Amino acid sequence: MPIADAPRIVVREIELTERPVKLRLPFRFGVVTLTECPQAFARVRIALPGGREAWGAAAELMAPKWFDKNLQLSNEDNFDQLRDVLLLAREAYVGDATPATAFGHFARHHASHQAVCAARGFNPLLASYGPALVDRAVLDALCRLRGASFYDAVRGNLPGVEFDGLRMDDFLSRLQPQNTIEARHTVGLLDAITAADLRERVGDGLPETLEEVIARYGHRWFKLKVAGNVQADVTRLAMIASVLDRSAAPYFISLDGNEQYESAQSVAELVAAIRATPVLERLWRSVAFIEQPIARKLARCADLRGADLGGKPVIIDESDGELDAFVMARDRGYCGVSSKTCKGIYRSLLNAARCAAWNTQEGTARYFMSGEDLTTQAGLAVQQDLALVNVLGITHVERNGHHYVNGMAALPQHEQQAFLDAHPDLYERSDGAVRLAIRDGRIALASLACAGYASAALPDFSVNRPLQRGA
(Lines give C-alpha, C1' and ligand atoms only; values in the text may rest on other atoms or scores of the structure.)
Protein backbone atom coordinates (compact mmCIF):
# COMPACT_ATOMS: atom_id res chain seq x y z
CA MET A 1 0.00 0.00 0.00
CA PRO A 2 1.22 3.55 -0.60
CA ILE A 3 2.60 5.33 2.45
CA ALA A 4 -0.32 7.78 2.34
CA ASP A 5 -2.69 4.83 2.93
CA ALA A 6 -0.90 3.50 6.03
CA PRO A 7 -3.43 3.66 8.91
CA ARG A 8 -3.11 6.37 11.54
CA ILE A 9 -3.32 5.01 15.06
CA VAL A 10 -3.22 6.25 18.64
CA VAL A 11 -1.16 4.54 21.33
CA ARG A 12 -3.58 4.24 24.25
CA GLU A 13 -1.68 2.19 26.81
CA ILE A 14 1.70 0.54 27.38
CA GLU A 15 2.30 -2.14 30.00
CA LEU A 16 5.91 -2.94 30.90
CA THR A 17 6.79 -6.12 32.77
CA GLU A 18 9.76 -8.45 33.19
CA ARG A 19 10.65 -11.99 34.18
CA PRO A 20 13.97 -13.51 35.31
CA VAL A 21 16.05 -15.70 32.99
CA LYS A 22 18.75 -18.06 34.29
CA LEU A 23 21.40 -19.45 31.97
CA ARG A 24 22.27 -23.14 31.96
CA LEU A 25 25.82 -22.25 30.87
CA PRO A 26 27.77 -19.05 31.59
CA PHE A 27 28.11 -16.88 28.50
CA ARG A 28 31.09 -14.58 28.22
CA PHE A 29 31.02 -11.86 25.59
CA GLY A 30 33.38 -8.90 25.73
CA VAL A 31 33.85 -7.81 29.33
CA VAL A 32 30.95 -9.66 30.97
CA THR A 33 30.15 -13.22 31.95
CA LEU A 34 26.40 -13.64 32.03
CA THR A 35 24.65 -16.17 34.29
CA GLU A 36 21.24 -14.57 34.76
CA CYS A 37 19.37 -11.64 33.34
CA PRO A 38 15.82 -10.20 33.21
CA GLN A 39 13.72 -10.27 30.06
CA ALA A 40 11.55 -7.21 29.42
CA PHE A 41 8.05 -7.33 27.91
CA ALA A 42 6.05 -4.51 26.36
CA ARG A 43 2.29 -4.75 25.78
CA VAL A 44 0.76 -1.93 23.79
CA ARG A 45 -2.89 -1.08 23.17
CA ILE A 46 -3.54 0.90 20.00
CA ALA A 47 -6.72 2.32 18.49
CA LEU A 48 -7.79 3.28 14.99
CA PRO A 49 -9.66 6.60 14.56
CA GLY A 50 -12.94 4.66 14.31
CA GLY A 51 -12.40 3.18 17.75
CA ARG A 52 -11.25 -0.37 16.97
CA GLU A 53 -8.52 -1.47 19.36
CA ALA A 54 -5.97 -4.24 19.68
CA TRP A 55 -3.09 -5.26 21.92
CA GLY A 56 0.38 -6.14 20.69
CA ALA A 57 3.49 -7.36 22.47
CA ALA A 58 7.26 -7.65 22.24
CA ALA A 59 10.04 -9.09 24.41
CA GLU A 60 13.81 -8.65 24.71
CA LEU A 61 16.52 -9.66 27.16
CA MET A 62 18.06 -6.82 29.18
CA ALA A 63 21.67 -7.80 28.51
CA PRO A 64 24.29 -6.04 30.65
CA LYS A 65 27.58 -4.66 29.28
CA TRP A 66 26.46 -4.60 25.67
CA PHE A 67 24.46 -1.39 25.39
CA ASP A 68 26.79 0.36 27.86
CA LYS A 69 30.18 -1.23 28.55
CA ASN A 70 31.21 1.20 31.30
CA LEU A 71 33.08 -1.02 33.78
CA GLN A 72 32.14 1.33 36.62
CA LEU A 73 28.53 0.16 36.29
CA SER A 74 27.30 -3.09 37.82
CA ASN A 75 24.96 -5.45 36.01
CA GLU A 76 22.13 -4.10 38.16
CA ASP A 77 23.04 -0.58 37.06
CA ASN A 78 22.78 -1.72 33.44
CA PHE A 79 19.39 -3.34 34.07
CA ASP A 80 18.12 -0.10 35.59
CA GLN A 81 19.40 1.86 32.59
CA LEU A 82 17.36 -0.37 30.30
CA ARG A 83 14.32 -0.05 32.54
CA ASP A 84 14.73 3.73 32.44
CA VAL A 85 14.77 3.92 28.63
CA LEU A 86 11.67 1.72 28.48
CA LEU A 87 9.85 3.94 30.98
CA LEU A 88 10.91 7.04 29.04
CA ALA A 89 9.65 5.52 25.79
CA ARG A 90 6.31 4.68 27.39
CA GLU A 91 5.96 8.24 28.64
CA ALA A 92 6.67 9.65 25.18
CA TYR A 93 4.42 7.34 23.14
CA VAL A 94 1.44 7.48 25.49
CA GLY A 95 1.88 11.19 26.14
CA ASP A 96 1.02 12.21 22.57
CA ALA A 97 -2.49 11.18 21.47
CA THR A 98 -2.18 12.59 17.96
CA PRO A 99 -2.85 9.80 15.42
CA ALA A 100 0.14 8.74 13.34
CA THR A 101 1.28 5.75 11.35
CA ALA A 102 3.17 3.06 13.24
CA PHE A 103 6.40 4.42 11.74
CA GLY A 104 5.18 7.96 12.37
CA HIS A 105 5.15 7.31 16.12
CA PHE A 106 8.78 6.19 15.92
CA ALA A 107 9.78 9.19 13.78
CA ARG A 108 7.89 11.65 15.98
CA HIS A 109 9.66 10.61 19.17
CA HIS A 110 13.08 9.51 17.94
CA ALA A 111 15.06 12.76 18.27
CA SER A 112 13.43 13.93 21.50
CA HIS A 113 13.80 10.52 23.13
CA GLN A 114 17.48 10.40 22.20
CA ALA A 115 17.95 13.91 23.63
CA VAL A 116 16.24 13.06 26.92
CA CYS A 117 18.35 9.92 27.24
CA ALA A 118 21.56 11.79 26.38
CA ALA A 119 20.80 14.26 29.17
CA ARG A 120 20.80 11.30 31.55
CA GLY A 121 24.13 10.05 30.24
CA PHE A 122 22.68 7.23 28.15
CA ASN A 123 24.39 6.51 24.84
CA PRO A 124 22.33 6.27 21.62
CA LEU A 125 22.49 2.46 21.45
CA LEU A 126 21.11 2.17 24.96
CA ALA A 127 18.46 4.79 24.27
CA SER A 128 17.20 2.84 21.25
CA TYR A 129 16.22 -0.15 23.39
CA GLY A 130 13.03 1.47 24.72
CA PRO A 131 11.44 2.52 21.41
CA ALA A 132 12.62 -0.74 19.82
CA LEU A 133 10.32 -2.79 22.08
CA VAL A 134 7.44 -0.33 21.88
CA ASP A 135 7.62 -0.11 18.07
CA ARG A 136 7.49 -3.89 17.72
CA ALA A 137 4.51 -4.14 20.05
CA VAL A 138 2.74 -1.35 18.13
CA LEU A 139 3.30 -3.13 14.83
CA ASP A 140 2.15 -6.43 16.35
CA ALA A 141 -1.10 -4.77 17.44
CA LEU A 142 -1.58 -3.18 14.02
CA CYS A 143 -1.02 -6.51 12.27
CA ARG A 144 -3.60 -8.13 14.54
CA LEU A 145 -6.10 -5.36 13.82
CA ARG A 146 -5.68 -5.93 10.10
CA GLY A 147 -5.37 -9.72 10.27
CA ALA A 148 -2.03 -9.34 8.48
CA SER A 149 1.22 -11.22 8.93
CA PHE A 150 4.42 -9.34 9.70
CA TYR A 151 5.73 -10.28 6.26
CA ASP A 152 2.68 -8.91 4.47
CA ALA A 153 2.71 -5.80 6.67
CA VAL A 154 6.33 -5.03 5.79
CA ARG A 155 6.02 -5.85 2.09
CA GLY A 156 2.90 -3.71 1.85
CA ASN A 157 4.38 -0.96 4.06
CA LEU A 158 1.51 -1.11 6.53
CA PRO A 159 3.55 0.87 9.11
CA GLY A 160 4.17 3.68 6.61
CA VAL A 161 7.99 3.57 6.63
CA GLU A 162 9.58 6.53 4.87
CA PHE A 163 13.18 7.72 4.76
CA ASP A 164 14.48 10.56 2.61
CA GLY A 165 16.22 9.50 -0.57
CA LEU A 166 15.07 5.87 -0.45
CA ARG A 167 12.09 4.45 -2.31
CA MET A 168 10.87 2.42 0.64
CA ASP A 169 7.58 1.28 -0.92
CA ASP A 170 9.44 -0.20 -3.87
CA PHE A 171 12.22 -1.71 -1.75
CA LEU A 172 9.84 -3.30 0.75
CA SER A 173 7.57 -4.74 -1.92
CA ARG A 174 10.48 -6.73 -3.38
CA LEU A 175 11.40 -8.51 -0.13
CA GLN A 176 11.04 -12.29 -0.28
CA PRO A 177 11.07 -14.14 3.07
CA GLN A 178 11.98 -17.83 3.00
CA ASN A 179 10.72 -20.86 4.94
CA THR A 180 14.04 -21.77 6.59
CA ILE A 181 17.21 -20.06 7.75
CA GLU A 182 20.69 -21.25 8.74
CA ALA A 183 21.43 -21.01 12.48
CA ARG A 184 24.91 -19.59 13.17
CA HIS A 185 26.12 -21.09 16.44
CA THR A 186 27.99 -18.87 18.90
CA VAL A 187 31.19 -20.17 20.46
CA GLY A 188 31.63 -17.96 23.51
CA LEU A 189 34.93 -17.27 25.22
CA LEU A 190 34.17 -19.69 28.06
CA ASP A 191 32.58 -22.42 25.94
CA ALA A 192 34.04 -25.91 26.04
CA ILE A 193 35.30 -27.15 22.68
CA THR A 194 35.60 -30.84 23.59
CA ALA A 195 34.67 -32.95 26.61
CA ALA A 196 38.24 -32.61 27.85
CA ASP A 197 37.57 -28.90 28.47
CA LEU A 198 34.71 -29.56 30.91
CA ARG A 199 35.41 -29.33 34.63
CA GLU A 200 31.95 -30.59 35.44
CA ARG A 201 28.79 -31.23 33.48
CA VAL A 202 25.46 -29.47 33.77
CA GLY A 203 23.92 -32.84 33.00
CA ASP A 204 20.59 -31.64 31.61
CA GLY A 205 20.84 -33.73 28.44
CA LEU A 206 21.64 -30.75 26.22
CA PRO A 207 24.94 -30.16 24.39
CA GLU A 208 27.71 -28.65 26.50
CA THR A 209 30.64 -28.65 24.07
CA LEU A 210 31.14 -27.54 20.49
CA GLU A 211 31.52 -31.19 19.49
CA GLU A 212 28.16 -32.03 21.05
CA VAL A 213 26.45 -28.98 19.53
CA ILE A 214 27.49 -30.00 16.03
CA ALA A 215 26.46 -33.61 16.61
CA ARG A 216 22.98 -32.59 17.81
CA TYR A 217 22.12 -29.62 15.60
CA GLY A 218 24.24 -30.11 12.48
CA HIS A 219 25.42 -26.49 12.26
CA ARG A 220 27.38 -25.25 9.26
CA TRP A 221 27.62 -21.61 10.37
CA PHE A 222 29.53 -20.49 13.47
CA LYS A 223 30.25 -17.23 15.26
CA LEU A 224 33.62 -17.29 17.03
CA LYS A 225 34.39 -14.82 19.79
CA VAL A 226 37.92 -13.42 20.13
CA ALA A 227 39.20 -11.56 23.16
CA GLY A 228 41.79 -9.02 21.99
CA ASN A 229 44.91 -11.01 22.87
CA VAL A 230 46.39 -12.20 19.58
CA GLN A 231 48.34 -15.16 20.93
CA ALA A 232 45.48 -16.41 23.12
CA ASP A 233 42.96 -15.87 20.31
CA VAL A 234 45.02 -17.84 17.80
CA THR A 235 45.49 -20.69 20.28
CA ARG A 236 41.76 -20.90 20.96
CA LEU A 237 40.87 -20.66 17.27
CA ALA A 238 43.22 -23.58 16.60
CA MET A 239 41.31 -25.64 19.16
CA ILE A 240 38.05 -24.76 17.45
CA ALA A 241 39.45 -25.51 14.01
CA SER A 242 40.51 -28.96 15.17
CA VAL A 243 36.81 -29.74 15.62
CA LEU A 244 35.36 -27.88 12.64
CA ASP A 245 37.90 -29.29 10.20
CA ARG A 246 36.73 -32.84 10.88
CA SER A 247 33.81 -32.27 8.53
CA ALA A 248 34.37 -32.69 4.81
CA ALA A 249 31.43 -30.39 4.16
CA PRO A 250 32.02 -26.62 3.93
CA TYR A 251 31.53 -24.53 7.04
CA PHE A 252 31.32 -20.74 7.45
CA ILE A 253 32.54 -18.35 10.12
CA SER A 254 31.90 -14.90 11.47
CA LEU A 255 34.72 -13.63 13.67
CA ASP A 256 33.39 -11.46 16.49
CA GLY A 257 35.86 -9.00 17.99
CA ASN A 258 33.35 -7.65 20.52
CA GLU A 259 35.13 -4.27 20.65
CA GLN A 260 38.23 -5.91 22.13
CA TYR A 261 40.73 -4.27 19.75
CA GLU A 262 41.84 -0.64 19.82
CA SER A 263 42.76 0.02 16.20
CA ALA A 264 42.61 -1.25 12.64
CA GLN A 265 46.29 -2.14 12.95
CA SER A 266 45.69 -4.36 15.98
CA VAL A 267 42.96 -6.19 14.05
CA ALA A 268 45.37 -6.57 11.14
CA GLU A 269 47.87 -8.15 13.55
CA LEU A 270 45.27 -10.75 14.52
CA VAL A 271 44.52 -11.42 10.86
CA ALA A 272 48.22 -11.79 10.07
CA ALA A 273 48.70 -14.22 12.96
CA ILE A 274 45.75 -16.34 11.83
CA ARG A 275 46.99 -16.42 8.25
CA ALA A 276 50.49 -17.38 9.43
CA THR A 277 49.16 -20.37 11.39
CA PRO A 278 48.92 -23.45 9.12
CA VAL A 279 46.24 -25.23 11.16
CA LEU A 280 43.99 -22.19 10.68
CA GLU A 281 44.22 -22.15 6.89
CA ARG A 282 40.77 -23.69 6.32
CA LEU A 283 39.16 -21.72 9.12
CA TRP A 284 40.44 -18.44 7.65
CA ARG A 285 39.14 -19.36 4.20
CA SER A 286 35.77 -19.98 5.85
CA VAL A 287 35.52 -16.52 7.45
CA ALA A 288 32.64 -14.62 5.83
CA PHE A 289 33.09 -11.38 7.79
CA ILE A 290 34.58 -9.79 10.90
CA GLU A 291 32.23 -8.20 13.40
CA GLN A 292 32.91 -4.99 15.37
CA PRO A 293 36.52 -5.68 16.40
CA ILE A 294 37.31 -2.11 17.47
CA ALA A 295 35.89 -0.38 20.56
CA ARG A 296 32.88 1.72 19.58
CA LYS A 297 34.40 5.02 20.74
CA LEU A 298 37.31 4.42 18.34
CA ALA A 299 35.71 2.37 15.57
CA ARG A 300 34.34 5.17 13.43
CA CYS A 301 37.62 7.08 13.71
CA ALA A 302 39.64 4.09 12.54
CA ASP A 303 39.90 3.91 8.76
CA LEU A 304 39.92 0.26 7.72
CA ARG A 305 40.81 0.99 4.12
CA GLY A 306 44.54 1.08 4.83
CA ALA A 307 44.62 -2.06 6.97
CA ASP A 308 45.43 -5.51 5.59
CA LEU A 309 42.47 -7.56 6.74
CA GLY A 310 42.93 -10.30 4.21
CA GLY A 311 40.06 -9.17 2.04
CA LYS A 312 37.45 -9.92 4.71
CA PRO A 313 34.60 -7.39 5.10
CA VAL A 314 33.97 -5.82 8.50
CA ILE A 315 30.60 -4.89 10.01
CA ILE A 316 29.59 -2.56 12.80
CA ASP A 317 27.38 -3.76 15.63
CA GLU A 318 27.83 -1.86 18.90
CA SER A 319 28.84 1.24 16.89
CA ASP A 320 25.40 1.28 15.27
CA GLY A 321 23.94 3.72 17.78
CA GLU A 322 22.50 6.44 15.54
CA LEU A 323 20.43 6.22 12.38
CA ASP A 324 23.34 7.54 10.29
CA ALA A 325 26.01 5.33 11.92
CA PHE A 326 26.22 2.95 8.97
CA VAL A 327 26.68 5.86 6.57
CA MET A 328 29.62 7.16 8.59
CA ALA A 329 31.08 3.67 8.98
CA ARG A 330 30.87 3.11 5.23
CA ASP A 331 33.13 6.13 4.76
CA ARG A 332 35.71 4.38 6.97
CA GLY A 333 35.74 1.13 5.00
CA TYR A 334 33.05 -0.88 6.78
CA CYS A 335 30.85 -2.93 4.45
CA GLY A 336 28.14 -4.24 6.75
CA VAL A 337 25.95 -3.65 9.75
CA SER A 338 24.06 -5.97 12.07
CA SER A 339 20.32 -6.33 12.37
CA LYS A 340 19.07 -6.74 15.93
CA THR A 341 15.49 -6.19 17.02
CA CYS A 342 16.82 -4.57 20.21
CA LYS A 343 18.18 -1.73 18.03
CA GLY A 344 14.85 -1.22 16.28
CA ILE A 345 13.03 -2.73 13.31
CA TYR A 346 12.97 0.56 11.40
CA ARG A 347 16.75 0.91 11.66
CA SER A 348 17.11 -2.56 10.16
CA LEU A 349 14.74 -1.71 7.31
CA LEU A 350 16.60 1.55 6.70
CA ASN A 351 20.01 -0.12 6.60
CA ALA A 352 18.76 -2.91 4.36
CA ALA A 353 17.41 -0.32 1.91
CA ARG A 354 20.76 1.49 2.03
CA CYS A 355 22.61 -1.72 1.18
CA ALA A 356 20.34 -2.31 -1.81
CA ALA A 357 20.73 1.28 -3.05
CA TRP A 358 24.52 1.38 -2.59
CA ASN A 359 25.00 -2.00 -4.27
CA THR A 360 22.94 -0.82 -7.23
CA GLN A 361 24.99 2.36 -7.47
CA GLU A 362 28.30 0.47 -7.39
CA GLY A 363 27.14 -2.49 -9.45
CA THR A 364 28.38 -5.02 -6.89
CA ALA A 365 27.09 -6.77 -3.77
CA ARG A 366 29.61 -5.06 -1.47
CA TYR A 367 27.27 -3.92 1.29
CA PHE A 368 25.29 -6.34 3.44
CA MET A 369 23.50 -6.93 6.71
CA SER A 370 24.07 -9.73 9.17
CA GLY A 371 21.65 -11.14 11.73
CA GLU A 372 23.07 -11.14 15.27
CA ASP A 373 21.63 -12.45 18.54
CA LEU A 374 21.47 -10.89 21.97
CA THR A 375 20.48 -14.22 23.56
CA THR A 376 16.92 -13.86 22.26
CA GLN A 377 14.65 -16.15 24.22
CA ALA A 378 12.19 -18.76 22.94
CA GLY A 379 8.78 -17.14 22.40
CA LEU A 380 8.16 -13.58 21.24
CA ALA A 381 11.79 -12.44 21.25
CA VAL A 382 13.28 -15.14 19.04
CA GLN A 383 10.26 -15.24 16.72
CA GLN A 384 10.21 -11.50 16.06
CA ASP A 385 13.97 -11.41 15.46
CA LEU A 386 13.82 -14.41 13.13
CA ALA A 387 10.99 -12.84 11.14
CA LEU A 388 12.87 -9.56 10.79
CA VAL A 389 16.13 -11.05 9.48
CA ASN A 390 14.14 -13.39 7.24
CA VAL A 391 12.13 -10.63 5.58
CA LEU A 392 15.39 -8.74 5.00
CA GLY A 393 16.71 -11.67 2.97
CA ILE A 394 19.48 -12.59 5.42
CA THR A 395 20.13 -16.30 4.93
CA HIS A 396 21.85 -17.10 8.24
CA VAL A 397 21.48 -15.69 11.72
CA GLU A 398 23.41 -16.02 14.94
CA ARG A 399 21.31 -17.96 17.45
CA ASN A 400 22.59 -18.53 20.96
CA GLY A 401 19.65 -18.16 23.38
CA HIS A 402 18.63 -21.80 22.91
CA HIS A 403 22.15 -22.97 23.85
CA TYR A 404 22.77 -20.86 26.94
CA VAL A 405 19.22 -21.08 28.32
CA ASN A 406 17.25 -24.31 28.77
CA GLY A 407 14.50 -23.41 26.32
CA MET A 408 11.16 -22.70 27.99
CA ALA A 409 11.92 -24.94 30.97
CA ALA A 410 11.31 -22.11 33.47
CA LEU A 411 7.92 -21.16 31.97
CA PRO A 412 4.46 -22.51 32.87
CA GLN A 413 3.55 -25.69 31.00
CA HIS A 414 0.49 -24.08 29.42
CA GLU A 415 2.64 -21.29 27.95
CA GLN A 416 5.13 -23.79 26.58
CA GLN A 417 2.35 -25.85 25.02
CA ALA A 418 0.69 -22.78 23.50
CA PHE A 419 3.84 -21.86 21.60
CA LEU A 420 4.48 -25.45 20.55
CA ASP A 421 0.91 -25.83 19.26
CA ALA A 422 1.03 -22.53 17.39
CA HIS A 423 4.51 -23.07 15.90
CA PRO A 424 5.17 -26.83 15.62
CA ASP A 425 7.84 -26.30 12.95
CA LEU A 426 9.81 -23.81 15.06
CA TYR A 427 9.75 -25.66 18.38
CA GLU A 428 10.07 -29.18 19.72
CA ARG A 429 9.55 -30.77 23.11
CA SER A 430 12.73 -32.50 24.23
CA ASP A 431 14.74 -33.01 27.41
CA GLY A 432 11.78 -31.93 29.51
CA ALA A 433 10.91 -28.60 27.87
CA VAL A 434 9.74 -26.87 24.71
CA ARG A 435 12.69 -25.40 22.87
CA LEU A 436 13.86 -24.06 19.52
CA ALA A 437 14.17 -26.83 16.95
CA ILE A 438 17.35 -26.83 14.85
CA ARG A 439 17.68 -29.64 12.35
CA ASP A 440 20.56 -30.05 9.92
CA GLY A 441 21.72 -26.60 10.99
CA ARG A 442 18.48 -24.89 9.94
CA ILE A 443 15.43 -23.36 11.61
CA ALA A 444 11.99 -23.78 10.03
CA LEU A 445 10.08 -20.49 9.78
CA ALA A 446 6.86 -21.14 7.85
CA SER A 447 4.58 -20.77 10.88
CA LEU A 448 5.82 -17.21 11.49
CA ALA A 449 3.65 -16.08 8.54
CA CYS A 450 0.65 -15.75 10.86
CA ALA A 451 -1.53 -12.81 11.83
CA GLY A 452 0.47 -10.50 14.07
CA TYR A 453 4.19 -9.95 14.40
CA ALA A 454 5.34 -13.54 13.86
CA SER A 455 3.51 -15.11 16.80
CA ALA A 456 0.19 -16.94 16.98
CA ALA A 457 0.72 -17.46 20.73
CA LEU A 458 1.36 -15.00 23.53
CA PRO A 459 3.20 -15.26 26.86
CA ASP A 460 1.33 -15.59 30.11
CA PHE A 461 1.90 -12.03 31.23
CA SER A 462 0.34 -12.79 34.64
CA VAL A 463 3.55 -14.55 35.72
CA ASN A 464 5.62 -11.44 35.02
CA ARG A 465 6.36 -8.74 37.55
CA PRO A 466 5.92 -5.03 36.86
CA LEU A 467 9.01 -3.38 35.43
CA GLN A 468 10.50 -1.00 37.96
CA ARG A 469 13.97 0.23 38.83
CA GLY A 470 15.92 -1.88 41.30
CA ALA A 471 13.57 -4.84 40.78
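Contact means heavy atoms within 4.5 Å. Helices (H or I, at least four residues) and strands (E, at least two) are DSSP runs, numbered from the N terminus.

I noted that this is a predicted model, where local features need pLDDT of at least 70, side-chain atom pairs count only at pLDDT 80 or more, and totals for chains, interfaces and linings use all residues. Residues are numbered from 1 along each chain as its sequence is written, and side-chain values use heavy atoms, with hydrogens and water left out.

Entry: I found 4 strands in an open sheet, ordered 3-2-1-15, with antiparallel pairing; two strands pair if DSSP finds at least two bridges between them. Strand 3 (53-61) and strand 15 (465-466) are the edges, each with a single partner strand, so one side of each has no neighbour in the sheet. I then followed strand 1 (residues 10-29) and strand 2 (residues 32-47), which pair in the antiparallel sense over 15 bridges. Val 11 sits opposite Ile 46 of strand 2.

**Entry: the helices.** I saw helix 3 (residues 124-146) lying across strand 1, strand 2 and strand 3, at about 145° to strand 3. Next I asked how helix 2 (residues 102-119) and helix 3 cross. Their axes come within 10 Å and cross at roughly 160°. Helix 2 and helix 3 are therefore roughly antiparallel (under 35 degrees counts as roughly parallel, over 145 as roughly antiparallel, 65 to 115 as roughly perpendicular and the rest as oblique). I listed the residues in this contact: helix 2 brings Ala 102, Phe 106, His 113, Gln 114 and Cys 117, while helix 3 brings Pro 124, Ala 127, Ser 128, Pro 131, Asp 135, Val 138 and Leu 142.

**Entry: positive phi.** Which loop holds Asp 440? I found Asp 440 between strand 13 (433-436) and strand 14 (442-444). Its phi is near 55°, a positive value in a residue other than glycine. Asp 440 counts as exposed at 55% relative accessibility (buried means under 20% relative accessible area, exposed over 50%, partly exposed in between, with a 1.4 Å probe and protein chains only).

I also checked Ala 454, in the loop between strand 14 and strand 15. Ala 454 is not a glycine, yet has a positive phi of about 65°. I noted Ala 454 as buried, with a relative accessible area of 0%.

Note on methods: Axes fitted to C-alpha atoms, helices over the stretch in contact; angles between N-to-C directions.
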